[in-house]
Amino acid sequence: MNESAKEGYVKYTAEHTPAAAVAAGVPGWKELDEGRTGLYDLGLVGALPNGVGFGNTSVRMNNGEFLISGTATGGRRALGPDGYCVVSAFDIEKNRVSSRGPVKASAESMSHGAVYLACPSALSVIHIHSRKIFDAMLRDGYPRTPADAPYGTPEMARAIIACVKEQGRSRGLIVMAGHDEGVIAYGESVKEALDLVLGLCHKYN
Ligand SMILES: [Zn+2]
């Protein structure tokens, strides 16, 4: 990494307040959680052999907050309410996320927040990892974030906002060229976001 890139790098910080699970009372959560288990079975969310998790699912709440699967939950097949936290606020320029719940929010929460910010009608965001789908989407010219915008940075969040606004629709797919194997789907409902991911599976698997 060169000096200017280093200077431009804003470290991700999280402000987390431990709190009881609220997921069960959030509309759409149950469908999201069941859908996440299906994605786990397809290998699209999970954990690497070293234990590092990948992929996460979120649903917008009715007060400007959103509920997201927590960091370090990737290895669990079924999460249930305890696997989710509420992101109450985020600041893209400061790369800071405030959350509360039984698990912490991952740095990828910022990518979900960016979609919700850019698209007021988006209700659910799903982030998966897949070598096959990622490579195919790049090849086939899907909307993408730049290769020099790495995971968990304000650059990535800004690139997602630009991508979502450019598409100008309440549903869409984005391939994160600077985040290897990373793909984002969003839609007006949990089902719509899940169906977009499953559509990619059928198309490319
Ligand atoms: Zn990722």
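I take helices (H or I, at least four residues) and strands (E, at least two) as DSSP runs, numbered from the N terminus. The model is predicted, so I kept local features at pLDDT of at least 70 and side-chain atom pairs at pLDDT 80 or more, while totals for chains, interfaces and linings use all residues. Residues are numbered from 1 along each chain as its sequence is written, and side-chain values use heavy atoms, without hydrogens and water.

**Ala20**

I located Ala20 in the loop between strand E1 (13-18) and H2. Ala20 counts as exposed because its relative accessibility is 62% (exposed is over 50%, buried under 20%, partly exposed in between; 1.4 Å probe, protein chains only). I then looked up its contacts (heavy atoms within 4.5 Å). Leaving aside neighbours within four places in sequence, Ala20 touches Gly101 and Pro102. From Ala20 to Arg100 I get 8.4 Å, C-alpha to C-alpha, across 80 residues of sequence.

**H3 and H5**

Helix H3 (residues 109-118) packs on helix H5 (residues 154-167) at about 35 degrees, with the axes 8 Å apart. Axes are lines fitted to C-alpha atoms over the stretch in contact, and angles run from 0 to 180 degrees between N-to-C directions. On the H3 side I list Met110, Ser111, Ala114, Val115, Leu117 and Ala118; on the H5 side, Met156, Ala157, Ile160, Ile161, Val164 and Lys165.

**H6**

Helix H6 (residues 190-204) has 15 residues and reaches 22 Å from first to last C-alpha, close to the expected 21 Å (1.5 Å times one less than the number of residues). I find buried residues in H6, among them Val190, Leu194, Cys201 and Tyr204. The buried residues of H6 pack against elements including helix H2 (29-41) and strand E4 (56-60).
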